[in-house]
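Biologist: Can you walk me through this one? I'd like to start with how the parts of a chain sit together.

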2 protein chains.
Amino acid sequence: MKVYGDLKPPERLLLGAGPSNIDPRVLKTLTLPIVEHLDPYFSEVMSETVELLRYAFKTGNKVTFPISGTGSAGMESAICNIVERGDEVVVCISGFFGERMSDMIQRCGGRSIEVRAPLGKAIEKEDVEEALANSNAKAIAIVHAETSTGVLQPLKEISRITHEYGALLIVDAVTSLGGCELNVDEWNIDICYSASQKCLGCPPGLAPITVSERAMSVIRNRRTRVQSWYFDLSTIEKYWIESNRIYHHTAPILLVYALREGLRLLYEEGLENRWMRHKENMQLLVEGIEEIGLTIFTDREHICPAITAINVPKNVNDESVRRTLREEYNITISGGLGELKGKIWRIGLMGVNSSRKNAILVAEALKNALKREKYYENNKKISLI
Amino acid sequence: MKVYGDLKPPERLLLGAGPSNIDPRVLKTLTLPIVEHLDPYFSEVMSETVELLRYAFKTGNKVTFPISGTGSAGMESAICNIVERGDEVVVCISGFFGERMSDMIQRCGGRSIEVRAPLGKAIEKEDVEEALANSNAKAIAIVHAETSTGVLQPLKEISRITHEYGALLIVDAVTSLGGCELNVDEWNIDICYSASQKCLGCPPGLAPITVSERAMSVIRNRRTRVQSWYFDLSTIEKYWIESNRIYHHTAPILLVYALREGLRLLYEEGLENRWMRHKENMQLLVEGIEEIGLTIFTDREHICPAITAINVPKNVNDESVRRTLREEYNITISGGLGELKGKIWRIGLMGVNSSRKNAILVAEALKNALKREKYYENNKKISLI
């Protein structure tokens with residue numbers, strides 16, 4: 001009989017695309033007594049979590065709660081509630097997660113009208129306008145912080161155009177919520193979803209979502225039922241939002257405790273302070289990266305405060321460098337996804353991990369890993385110490 | 001500015017339909033260091049979790065892993081991977097969760113051929129055979145332990161008939177896995193899913209699933225793509241099962257740590273011992289319930305070892321009794337769902353909670369709560385002390 005040992009995970013500093021490390025105060029909530037999903041005590045926890053989520057999203061939307069799944073579950077909820085067979089949706093693609101949205105739209109029987117930008121660049125509003133003018137789009141779907149390229153997409157103008165054409169705006173804020181400026185109401189975003197394990201600094205497993213009254217009315221007036229039972233917002237709403245909670249599914253109680261605590265930390269710090277902290281530490285990281293002779297992959301105007309994409313230099317082995325970081329420094333950074341595999345590194349400074357200390361540490365560790373690869377010896381022209 | 005206080009959940013003994021209390025050893029794993037979802041260490045944890053899940057399901061199925069969602073996410077995965085538009089599926093309904101399966105089948109564009117049994121009774125195999133004979137069913141969907149009525153459904157004969165007609169057998173084992181006899185391979189079950197928070201004694205948030213090679217080949221030969229991206233088993237498989245894991249989504253790392261530990265406890269106890277423990281404690285509970293003058297709702301032949309449904313006596317207020325149990329004894333039991341609301345109580349003895357002590361304690365507490373309702377005074381004929 002095989003013996004299974006105790007879990008002894010290494011103590012990693014998680015500076016990749018996520019998950020991020022968890023604040024100790026959040027971790028502590030995971031060992032609190034579990035109550036039932038319909039317990040009056042849990043009901044209070046749910047209400048407070050909803051209030052705090054509204055604060056984080058900067059919204060007054062009634063329909064605001066965490067979906068019981070990971071970030072991609074948030075994406076699927078947003079899309080499958082809006083898209084019916086035959087619907088046209090403009091989807092903006094400049095990376096891995098835009099492609100994923102397009103895939104989901106098609107699985108819902110929708111027609112995906114793709115607007116593309118080169119990897120590392122933001123989507124141009126003119127291209128969006130053209131797509132809206134030449135289609136009968138019910139919605140436009142766009143990624144705010146494209147985790148695969150480190151682009152932070154400006155949304156205000158795109159939102160204005162979207163609503164001029166009477167479409168709904170669906171925004172992926174998986175990597176931006178709680179770390180980058182995001183104003184759901186002011187920017188007129190109709191559906192916005194995120195994930196618990198990035199700038200909110202909670203364990204992975206929940207996907208906060210918020211839905212405008214306009215979008216809810218589109219959902220309530222669908223010709224057909226939402227194809228997914230699990231992600232049907234109109235029924236989850238009856239469990240999460242109504243005061244007389246109607247059983248829908250068993251919420252992941254401990255993850256909700258953790259989310260409330262992560263949001264409470266955010267609330268105590270102040271949302272705008274937190275945005276500023278992420279921005280400043282990203283800037284420090286970018287300086288550090290350039291000082292060690294590396295270049296930023298992302299268009300400079302659009303570097304996301306939560307994640308920085310860096311070009312892997314020619315003749316340097318992506319995996320070998322990441323292995324050195326992991327095995328000698330216990331630091332995790334991410335490689336590229338899809339066609340960017342082997343071409344970029346992605347460093348995330350998210351939530352509790354967005355600190356001056358980590359910005360300096362990761363650049364220094366990367367320099368040492370590059371030395372081991374003989375990067376500087378082979379590139380004499382790089383004017384590094 | 002509103003102040004949000006520390007979480008201070010009450011210490012409840014969770015003897016309802018789930019979630020159950022979490023074993024202290026499982027709880028401890030939740031505070032271990034989090035690593036990335038693609039970390040080599042986590043990769044080992046995943047492989048061991050898969051092995052232990054195969055042990056719990058009694059299966060050699062390659063495709064065996066936890067879906068990143070709650071039990072209903074397991075249900076939706078099972079259904080949406082098999083059912084395509086126009087497919088016929090026989091669905092057995094004798095409670096709330098059978099209805100839910102039927103709902104999901106219809107949302108996938110399938111035609112649901114319903115076989116019903118009265119609430120509290122098992123489905124008759126003759127009725128299943130008739131439905132199979134009169135349809136072109138691709139699959140049959142049935143709940144093993146119907147959480148809403150406490151019925152444990154015999155499956156062997158139904159499985160035999162299902163395969164005679166060349167259909168696939170989909171089984172909901174949300175409440176049975178790890179607490180009631182279940183032999184996925186021996187009983188020829190094609191898809192079986194469960195949940196982490198019941199007899200496995202882990203936090204809610206994961207839905208273990210196992211899929212036979214026969215079912216996978218049906219899935220791989222679909223005419224159309226699976227309508228859900230999040231639940232598409234063929235792509236999740238590449239992340240969970242292949243040795244070269246391809247990123248699909250960010251697994252809920254801490255919940256996976258917990259699941260592995262919960263399964264390790266089960267493995268150390270021995271699956272058959274655990275089944276026996278659940279059965280013995282259920283029998284003790286049934287005796288206790290009858291001793292205090294109450295009657296069992298479920299057909300006696302089919303009482304589920306993990307959950308016992310009891311009739312709420314006439315003139316007794318369901319909610320008031322449950323409130324007394326909660327507020328004075330810190331014990332949670334469940335009421336009825338749907339049309340059984342107010343008519344039954346459901347007591348779960350699951351995982352670490354299935355003990356002689358709890359069986360005795362809950363019956364005694366229930367007696368005291370009934371005394372407060374003047375149940376015995378008003379029912380002199382009940383020959384209770």
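Biologist: How much area do domain 1 of chain A and domain 2 of chain A bury between them?

Modeller: About 2,100 Å², with 66% of it on carbon and sulfur atoms. Keep in mind that this is a predicted model.

Biologist: Which three residues of domain 1 supply more of that area than any other three?

Modeller: Leu119(A), Gly150(A) and Cys199(A), which supply 20% of what domain 1 of chain A buries against domain 2 of chain A.

Biologist: Where does the domain assignment put the two domains of chain A?

Modeller: Domain 1 covers 25-267 and domain 2 covers 271-378. Their centres, taken over C-alpha atoms, are 28 Å apart. In terms of contacts, 29 residues of domain 1 of chain A meet 23 residues of domain 2 of chain A.

Biologist: And how many salt bridges are there between domain 1 of chain A and domain 2 of chain A?

Modeller: The count is 1. For polar contacts, the rule finds 10 residue pairs across that interface, both residues being at pLDDT 80 or more. On the domain 1 side, helix H2 (40-57), helix H4 (96-107), strand E7 (151-152) and helix H9 (253-269) of chain A each bring at least two residues that touch domain 2 of chain A.

Biologist: What does Lys58(A) form a salt bridge with?

Modeller: With Glu272(A), and the closest N and O atoms are 2.9 Å apart.

Biologist: OK, switching to the two chains. How many residues of chain B are in contact with chain A?

Modeller: 77 residues of chain B, in contact with 77 residues of chain A. The two chains bury about 6,900 Å² between them, 59% of it on carbon and sulfur atoms.

Biologist: Which residues in chain B lose the most area to chain A?

Modeller: Tyr4(B), Leu7(B) and Arg107(B), together 13% of what that side buries.

Biologist: How many salt bridges and polar pairs link the chains?

Modeller: There are 10 salt bridges between chain B and chain A. The rule also gives 39 residue pairs in polar contact across the interface, both at pLDDT 80 or more. Helices H1 (24-29), H2, H3 (71-82), H4 (96-107) and H9 of chain B each supply at least two residues of the side that touches chain A.

Biologist: Which side chain does Glu51(A) meet in a salt bridge?

Modeller: That of Lys2(B), at 2.8 Å from N to O.

Biologist: You mentioned H2 of chain B. What should its span be, and what is it in the model?

Modeller: Helix H2(B) has 18 residues (40-57), so at 1.5 Å a residue it should span 26 Å; the end C-alpha atoms are 26 Å apart, which agrees.

Biologist: What happens at the start of H2(B) and just after it?

Modeller: At the start, a side-chain oxygen of Asp39(B) comes within 2.8 Å of the backbone nitrogen of Tyr41(B). Just after the helix, Lys58(B) has a positive phi of about 55°.

Biologist: Which residues are buried in H2(B), and what do they pack against?

Modeller: The buried residues include Tyr41(B), Phe42(B), Leu52(B), Leu53(B) and Phe57(B). The buried residues of H2(B) pack against elements of chain B, among them strand E2 (63-67), helix H8 (233-240) and helix H10 (271-291).

Biologist: Last one: is Asn281(B) buried or exposed?

Modeller: Asn281(B) counts as buried because its relative accessibility is 6%, and the cut-off for buried is under 20%. Asn281(B) lies in helix H10 of chain B. Leaving out residues up to four places away in sequence, Asn281(B) touches Leu349(B), Ser354(B), Ser355(B), Arg356(B) and Ala359(B).

Methods. Residues numbered from 1 in each chain as written. Chains lettered and ligands numbered in written order. Predicted model: local features only at pLDDT ≥ 70, side-chain atom pairs only at ≥ 80, totals over all residues. Heavy atoms only, no water. Helix = DSSP H or I, 4+ residues; strand = E, 2+ residues; numbered from the N terminus. Expected span 1.5 Å × (residues − 1). Buried < 20%, exposed > 50% of the residue type's maximum accessible area, 1.4 Å probe, protein only. Contact = heavy atoms within 4.5 Å. Polar contact = N/O pair within 3.5 Å; in protein donor to acceptor, adjacent residues only side chain to side chain. Domains from an automatic or database assignment. Buried area = accessible area lost by both parts, 1.4 Å probe. Salt bridge = Lys/Arg side-chain N within 4 Å of Asp/Glu carboxyl O.
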